[in-house]
Amino acid sequence: MKVYCVQFDPAWENKPANFRRVRELFDATPVSPGSLVLLPEMFATGFSMNAEAIAEPPGGETEQFLARTAREFGIFLVGGMAAGEAGGRKRNQAVAFDPDGRELARYSKRRCFPLADEGRHYTAGDQVVTFRWHDWVVAPFVCYDLRFPELFREAARQGAHLFAILANWPAPRIPHWVTLLQARAIENQALVAGVNRCGRDPLLCYSGRSLVVSPQGEILADAGETPQIITATVDLAALKTWRAEFPALADMR
């Protein structure tokens, strides 16, 4: 089985341009049918607090793009977006689609980023979400969630084998990103795929470093700082063997 991370520099609040950029990367680096493919947090707009302008109702253009792309390439596709809900609430979400273009899961970011005053514009989620990718149990998370190990422990208790983290993680703190991805993998004996953006937005610079990390903390794939799609072959049987040989998860309290 293969996991892919699609790292690119999103155009600010320009959804059609970003749909084209993603499609260009797919055309340059074909992905295998049945694979799990990840796009960054708010991939269609950048990490914008202009929630009233960019948040979409269910079935909006970003979801349509994700569903259409998943169906066209026969993949499991997870992308980040700003979503609107009944009652006027806005959410920073990770939404997953299967190869038939059907929605599999919808996760709302549980920890809003205080330095961006995100909590004033988006409502935090309150639960772990998982979905099936073949025999794997996948738990999506969004960016700042990565700093809170208790969220990942909760997912591990629910049987997650793979954590998918969608991010807009800025360059000054990129060493934290790398270390925390490895830590979440090691402590939960889980495969971790973290997809980050690169380039610039109106406020910050981003240095990418999308990674796939093994349950032992080994970096299996690293995108560096440039737009590209990276991939790693992952083995659920090997993950389960490691958990059986070193049964640390049995000692969770």
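Asn18 sits in helix 1 (residues 15–28); helices here are DSSP runs of H or I with at least four residues, strands are E runs of at least two, and both are numbered from the N terminus. This is a predicted model, in which local features need pLDDT of at least 70 and side-chain atom pairs count only at pLDDT 80 or more, while totals for chains, interfaces and linings use all residues. Residues are numbered from 1 along each chain as its sequence is written, and side-chain values use heavy atoms, with hydrogens and water left out.

With a relative accessible area of 0%, Asn18 is buried (under 20%; exposed is over 50% and partly exposed in between, with a 1.4 Å probe and protein chains only). Leaving aside residues up to four places away in sequence, Asn18 touches Phe8, Pro10, Ala11, Phe43, Ala44 and Thr45, a contact being heavy atoms within 4.5 Å.

Strand 7 (residues 136–142) is largely enclosed by the rest of the structure, because seven of its seven residues are buried. Both faces are covered: Trp136, Val138, Pro140 and Val142 are buried on one side, and Val137, Ala139 and Phe141 on the other. In a regular strand, side chains alternate between the two faces of the sheet.

What about the neighbours of strand 7? Strand 6 (residues 131–133) runs antiparallel to strand 7, joined by three bridges (pairing takes at least two DSSP bridges), and Arg132 stands opposite Val137. The two strands form a hairpin with two residues between them, and His134 in the turn has a positive phi of about 55°. On strand 8 (residues 162–166), which runs parallel to strand 7 through five bridges, Leu166 stands opposite Val142.
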